[in-house]
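Trainee: I would like to go through this model term by term. Please set each value against its definition.

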Amino acid sequence: MKQNLVFIAQSLDGYIADRNGGLGWLEMVPNPEKLDMGYMPTIERIDALVMGRNTFDTVCSFGIDWPYTKPVFVISNSMIEVPKKYKGKIELVIGSLNEILESIHAKGYESLYIDGGKTIQSFLKEDLIDELIVTTIPILLGEGASLFGNLPKEQEYELVESKVYLDQLVQSAYKRKK
């Protein structure tokens, strides 16, 4: 079954990065046992990841080994070729979202994890998100990169599940009402 899902964290006021693009606030709640908060079960449900260029650059800046074992498709109009270090790890895709999805689906990947603020917003604008898993961290950033932008029309989701992690983080899973 073809589906596009989002697994992301946000501040109480709906930002996914602070005013300087920083992500340090994501670790404000101590996690000594390194709970994955549902990340691995989500990854097990997907066939591939689709992310924007900014998210790709952010992941590359972490200074860690490539963290993904599933295929990763990077949407970019500015990157003309895959950096040498990431050849065989990512595939560049361009075109409309429907063309990109058609191309990815033709390769046999149907359950996709959509990642990156602008990419998520683009998918939402085209009404292409089936499931949202959003973890809310108890901080008000005041401004930054918003998770949700303006949409051309309302979209209804239904709450499937809500969990509390580390006595402070609320994770809610929503499925799109069709």
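Mentor: Start with the elements. Helices (H or I, at least four residues) and strands (E, at least two) are DSSP runs, numbered from the N terminus. On that basis the chain runs β-β-α-β-α-β-β-α-β-α-β-β-β-β from the N terminus on. That comes to four helices and ten strands.

Trainee: What makes the chain as compact as a globular protein of that length?

Mentor: The radius of gyration, taken over C-alpha atoms, is set against the globule rule, 2.2 Å times the number of residues to the power 0.38. The chain has 16 Å, close to the 16 Å that the rule gives for 178 residues, so it is as compact as a globular protein of that length. The C-alpha atoms fill a box of roughly 40 × 40 × 30 Å along the principal axes.

Trainee: What kind of model is this, and how are residues numbered?

Mentor: It is a predicted model: local features need pLDDT of at least 70, side-chain atom pairs count only at pLDDT 80 or more, and totals for chains, interfaces and linings use all residues. Residues are numbered from 1 along each chain as its sequence is written, and side-chain values use heavy atoms, with hydrogens and water left out.
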